[in-house]
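Good morning, colleagues. Please turn to the sequence and coordinates on the screen, and I shall then take you through them.

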Amino acid sequence: MPDLFTRLQVTSRASVFGMTCIISASALHFYDPAVTTRAIVIIAFVALTMPVATHLPRGQTILEAGDRLDVLVEPAELGRVRDIFEA
């Protein structure tokens with residue numbers, strides 16, 4: 001993977017996809033409009049909040065690392081990450 005944020009995006013995308021499959025299967029199994037509506041709302045909520053939930057802990061770790069930022073991030077992207085979190 002080319003950079004930190006791409007690696008984080010892959011993990012959140014896989015989590016959202018797995019959760020979507022499981023909740024969709026339960027909605028199809030029960031075949032009830034109320035369950036289907038709840039499933040759609042849950043899927044939308046998780047799809048909207050998962051990227052934020054994935055990036056926040058990593059960003060906090062980078063901020064707390066201070067001078068050790070080069071240990072957490074590859075050198076090629078170090079300047080870009082510092083610009084983002086110091087702004």
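What does the accessible surface of the protein chain come to, and what percentage of it belongs to carbon and sulfur atoms? The accessible surface is about 6200 Å², and carbon and sulfur atoms account for 68% of that area. Please keep in mind that this is a predicted model.

Let me turn to the fold. The protein chain contains four helices and zero strands, which gives the pattern α-α-α-α when read along the sequence. Of the 87 residues in the protein chain, 23% are buried. If we take contacts between residues at least 6 apart in sequence, 53% of them join residues at least 24 apart.

The largest nonpolar core comprises seven residues, namely Val16, Met19, Ile23, Ala27, Ala39, Ile43 and Val46. Two elements give two or more residues to this core: helix H1, spanning 4-30, and helix H2, spanning 33-65. H1 gives the most, with four residues. In general terms, nonpolar side chains tend to be buried together in soluble globular proteins.

Finally, confidence. The mean pLDDT of the protein chain is 75, and 55% of the residues reach 70 or more. Confidence is highest in H1, at a mean of 84, and lowest in helix H3, residues 69-72, at a mean of 52.

Definitions and conventions: Residues are numbered from 1 along each chain as its sequence is written. This is a predicted model: local features need pLDDT of at least 70, side-chain atom pairs count only at pLDDT 80 or more; totals for chains, interfaces and linings use all residues. Side-chain values use heavy atoms; hydrogens and water are left out. A nonpolar core is a set of buried Ala, Val, Leu, Ile, Met, Phe, Trp, Tyr and Cys residues joined through side-chain atoms within 4.5 Å. Buried means under 20% relative accessible area, exposed over 50%, partly exposed in between (1.4 Å probe, protein chains only). Contact means heavy atoms within 4.5 Å. Accessible areas come from the Shrake-Rupley method with a 1.4 Å probe; for residues, only the protein chains shown count as cover. pLDDT is the predictor's confidence in each residue, from 0 to 100.
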